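Thanks for coming. I will take a few minutes to go through one model, starting with a charge and a ring.

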Amino acid sequence: MSTRIAFLKGHGTENDFVIVPDPENAIDLPPTAVAALCDRRAGIGGDGLLHVVRSAAHPEAKEMAAEAEWFMDYRNGDGSVAEMCGNGVRVFARYLQRAGHVAEGDIAVATRGGVKSVHLAKDGAVTVAMGKAVLPEGDVTVSVGERSWPARNVNMGNPHAVAFVDDLAHAGNLFTPPPFAPAAAYPDGVNVEFVVDRGPRHVALRVHERGSGETRSCGTGACAVAVATARRDGADPAVTGIPSTYTVDVPGGRLVITEHPDGEIEMTGPAVIVAEGELDAEWLDTVQF
């Protein structure tokens with residue numbers, strides 16, 4: 001490939017991403033190329049890739065262009081397409097700010113999970129309106145080795161199975177997807193969160209993200225965990241009329257999740273750009289674009 005490609009690297013609570021600015025959607029990014037870029041030894045390294053495209057230029061986002069100028073074409077580290085990534089949206093918004101496309105305050109970002117409202121605060125924190133959780137009916141079980149646990153099925157635009165455990169070490173190495181049942185509950189795979197209590201309205205998690213393995217953080221997973229924990233604790237803002245806020249510790253930092261009485265969920269956390277550069281032309285020639 002003769003085209004020179006710019007990139008950036010960023011993270012949100014150490015959930016890290018390769019960022020590829022491509023306003024006019026001129027760069028073809030097949031799964032093989034994404035996986036090569038996200039490879040931690042032979043590429044740049046990342047849990048996923050943020051393809052930055054104007055909504056009007058992308059066939060999957062054209063209908064959202066009137067609401068959001070920019071589309072987060074998100075890919076998992078293995079190159080597969082994903083509906084949403086909460087940490088990714090924060091980093092995506094931080095990139096737009098850095099590039100001069102947006103300023104502090106409220107912006108809209110188009111995703112495959114719909115248009116997300118984002119607030120860029122003066123103190124550097126980024127708050128994302130994550131939408132409403134869907135809680136499908138039916139029992140789900142997740143397993144690691146000889147242990148198994150009941151899990152709460154929560155959909156945040158992408159699927160999650162939330163299991164409460166006594167010790168986060170019980171999640172094992174999380175290199176491979178934890179088995180779940182029934183298979184019909186998650187026909188396209190699932191993100192699995194293992195959760196322990198840290199204190200009142202304070203929990204910690206480890207997560208296996210489908211297509212990426214264990215990651216240092218998962219924004220939609222933190223939201224799913226907050227909702228599942230609130231229901232376990234008997235708190236439903238739609239019933240009480242009182243917002244429910246949980247602090248969720250992830251291996252890479254801390255997120256604050258608030259569920260409002262109308263069901264809308266907000267996630268607040270950091271977003272950092274750590275580097276930018278240009279992909280080497282000789283290396284590009286070895287990658288299957």
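Arg232 lies over the face of Phe164, 4.7 Å from the ring centre. A charge is placed over a ring when NZ of Lys or CZ of Arg is within 6 Å of the ring centre and within 35 degrees of the ring normal.

A word on where this comes from. This is a predicted model, where local features need pLDDT of at least 70, side-chain atom pairs count only at pLDDT 80 or more, and totals for chains, interfaces and linings use all residues. Residues are numbered from 1 along each chain as its sequence is written, and side-chain values use heavy atoms, with hydrogens and water left out.

Next, ring against ring. Rings of Phe, Tyr and Trp (its six-membered ring) pair if their centres lie within 6.5 Å; planes under 30 degrees apart are stacked, over 60 edge-to-face, and the rest tilted. The count by this rule is 3 aromatic pairs. In one of them, Phe17 and Tyr74 have ring centres 6.0 Å apart and planes at 75°, so the pair is edge-to-face. This pair links distant parts of the chain, with Phe17 in strand S2 and Tyr74 in strand S4, 57 residues apart. Strands here are DSSP runs of E, at least two residues, and helices are runs of H or I, at least four, numbered from the N terminus.

Trp149 is in strand S9 and Phe194 in strand S12, 45 residues apart. Both Trp149 and Phe194 are buried.

Now the nonpolar cores, meaning sets of buried Ala, Val, Leu, Ile, Met, Phe, Trp, Tyr and Cys residues joined through side-chain atoms within 4.5 Å. The largest has 51 residues, and Met72 and Ile257 have the most contacts inside it. Helix H3, residues 219-232, gives the most to this core, with 8 residues. A second, separate core of 17 residues includes Val140 and Ala163.

Last, helix H2, residues 86-98. Of its 13 residues, 11 are buried, so H2 is largely enclosed by the rest of the structure. Just after H2, Gly100 takes a positive phi of about 85°.

Technical notes
Buried < 20%, exposed > 50% of the residue type's maximum accessible area, 1.4 Å probe, protein only.
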